[in-house]
Amino acid sequence: MNKKITLIGAGQIGGTLAHLIATKKIGDVVLFDVAEGIAKGKALDIAQSSPIENFDINITGTSKYSDTKDSDVIIITAGVPRKPGMTRDDLLEINLKIIKQVANGIKDTSPNAFVICITNPLDVIVMALQKYSGLPKNKVVGMAGILDSSRFIYFLSQELKISVSKIKSLVLGGHGDTMVAMVNHTFINGTPIKELIKAGKISEKRIIEIINRTKTGGAEIVKYLEKGSAFYAPASSGIEMAESYLKDQKKELPCAAYINGEYDVKDIYAGVPVIIGKNGVEKIIELKLNKDEKENFSKSINAVKELFNAAKKIDPSL
Ligand code: APR
């Protein structure tokens, strides 16, 4: 039997997720949206590409939570995206309300699902989702680190004129302006990037510019699009997490996970490298951070904590 993947939110990211799941033949798809017509229309459109793309999965649209029952994976993109000039944090109030509805919709219908949240502001929304739903913390994660890391790696590849496949790096912390690109954990063809700086192949100044472009990578796209925010790369990132869980790949991926003691941080969701396998988040990998990285990571955690306190003011039940 095919795995059942429910996508809550059939907007730009939800539709792209559905298309990727179908063409990669990962499982059956239930596209859920409060705007039922969008969910049904996109499901039908993608289904009609099946003879051409050669997939035999079942894809349906709905606005009833009963249709999402017993999902293996749920990916949530329900919410409002940014408009030009907005930060992700500006979405807090409106998306918090939406995520509460979603949590109530999924907690009893799919108690065993692996739940990936994409809705922004990510770290706080995923933390709220876990609290509202009461689902196990190792089964509720947020997608951000893969996207931020992917943006960083892409920009480095353009700068160094080298294939993205030859670059290893990651971005941790909160999914906002304080995210931390791990320069000391960045390798080009297996060589630490610091060595390339020493050899004069890239300057420290240029790396800082690339880090800053990564931090504002989402805003750069929002500005171009004028309506809506990025959706292709966010969808690809969500799929990588879902596949690692469904196929028990045990990939090490930077995700917004519940941290409780690791990195000297307690009781908060934020971006850290984790192993994702059939049990959900199976392990948090603790990288050795140098003084600068520690400082920046801690700043980023504080920003997430501050925003969570703001969320608690909006909804004291959190
Ligand atoms: N339940 C289900 N779906 C909802 C709800 C709800 N309570 N409220 C809104 N939606 C749906 C909308 O009808 C819309 O179709 O969520 C969808 C969101 O789609 P888009 O507006 O296209 O947004 P998208 O680009 O997909 O981004 C969604 O992910 O990256 C984040 O910042 C982004 O928070 C935003 C989210």
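Where is the place of histidine 175? Histidine 175 is in the loop between strand S8 (171-172) and strand S9 (180-181); helices (H or I, at least four residues) and strands (E, at least two) are DSSP runs, numbered from the N terminus.

This is a predicted model, in which local features need pLDDT of at least 70 and side-chain atom pairs count only at pLDDT 80 or more, while totals for chains, interfaces and linings use all residues. Residues are numbered from 1 along each chain as its sequence is written, and side-chain values use heavy atoms, with hydrogens and water left out.

Histidine 175 counts as buried because its relative accessibility is 7%; buried means under 20% relative accessible area, exposed over 50%, and partly exposed in between (1.4 Å probe, protein chains only).

The ligand has 19 residues around it, and Gln12, Ile13, Asp33, Thr77 and Gln101 come nearest; a residue is near a molecule if one of its heavy atoms lies within 4 Å of it.

| Residue | Atom of the residue | Distance |
|---|---|---|
| Glutamine 12 | backbone N or O | 2.8 Å |
| Isoleucine 13 | backbone N or O | 2.9 Å |
| Aspartate 33 | polar side-chain atom | 2.6 Å |

Helix H1 (12-23) and helix H4 (92-106) are the elements that give two or more residues to the shell around the ligand. H4 gives the most, with 3 residues.

Methods. Polar contact = N/O pair within 3.5 Å; in protein donor to acceptor, adjacent residues only side chain to side chain.
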